[in-house]
Amino acid sequence: MNQPTQPTQPTRPTRPTEPTYWTSVPSPVGPLLLTAAPTGELTSLSVPGQKGGRVVRDDWRRDPGPFRAAQEQLAAYFAGELTEFRLVWRAEGTPFRERVWAALDDIPYGSTVSYGEIARRIGAPRAAVRAVGGAIGANPLLVIRPCHRVIGADGTLTGYAGGLDRKVRLLTHEGVLRPTPRDRLSPTGPHPATPPRSAGR
């Protein structure tokens, strides 16, 4: 007796893997590794030693072309001439993480907010503060999406995927912290600093 045939699912065409373009940009906080999609959107900005940061792979293509606008704006930012980035990026994550990352974009230059305030802004309960911290730690676009402006509710700087020293230096650069002789582009660990200004707690 012939066995009934089982229905088969149509085969979906496989999409070719998109190439990743990259370049390295010098900065006062160390070389910045930038990646972009073939369509030109910036997909990540990492620093050396970053927790969860990207590293160059053999199949990536080095090409400074897609990064000219980013390089110019980063240079202007570190020169104190730019306070808001106007770049096209594509950061992919869970819906929750993308909401957290979008909230980072609304933190003004020269100010800080707490993790609890970020939770409030995205409509998450205060119990979600730890998850908010995890999402901020996974931010793929350091400096440009300013996770360095998020601090503890008591004003402590807490952690930073790029290293606490870089967080101090970025906040000092933006005028949130008053510099001390040891804060001025020092390559060594975290330094004492005055309490940061907050845009909301």
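Predicted model: local features only at pLDDT ≥ 70, side-chain atom pairs only at ≥ 80, totals over all residues.

Select E84 to begin: at 47% relative accessibility it counts as partly exposed (buried is under 20% relative accessible area, exposed over 50%, partly exposed in between, with a 1.4 Å probe and protein chains only).

Residues are numbered from 1 along each chain as its sequence is written, and side-chain values use heavy atoms, with hydrogens and water left out.

The salt-bridge count comes to nine. For another one, pick R57 and D59, with 3.1 Å between N and O. R57 is partly exposed at 48%, and D59 is partly exposed at 47%.

Next, go to helix 5, residues 164–173 (helices are DSSP runs of H or I, at least four residues, and strands are runs of E, at least two, numbered from the N terminus). Here R169 forms a salt bridge with D165, the closest N and O atoms being 3.1 Å apart. They sit four residues apart, about one turn of the helix, and both are buried. V168 is in this helix too, and counts as buried at 1% relative accessibility.

Now select E41, in the loop between strand 2 (32–36) and strand 3 (42–46). Which side chain of opposite charge is nearest to E41? That's R90, 4.1 Å away, and E41 is buried yet has no salt bridge (Lys and Arg count as positive, Asp and Glu as negative; His and the chain ends are not counted). R90 does belong to a salt-bridge network with E18 and E92.

Last stop: helix 4, residues 129–137, where V132, A135 and I136 are buried. Look down the axis of helix 4 and its buried residues fall within an arc of 100°, so they line one face (the arc is that of the directions from the helix axis to the C-beta atoms). Their cover includes helix 2 (95–104), helix 3 (115–121) and strand 6 (150–151) (contact means heavy atoms within 4.5 Å).

Note on methods. Salt bridge = Lys/Arg side-chain N within 4 Å of Asp/Glu carboxyl O.
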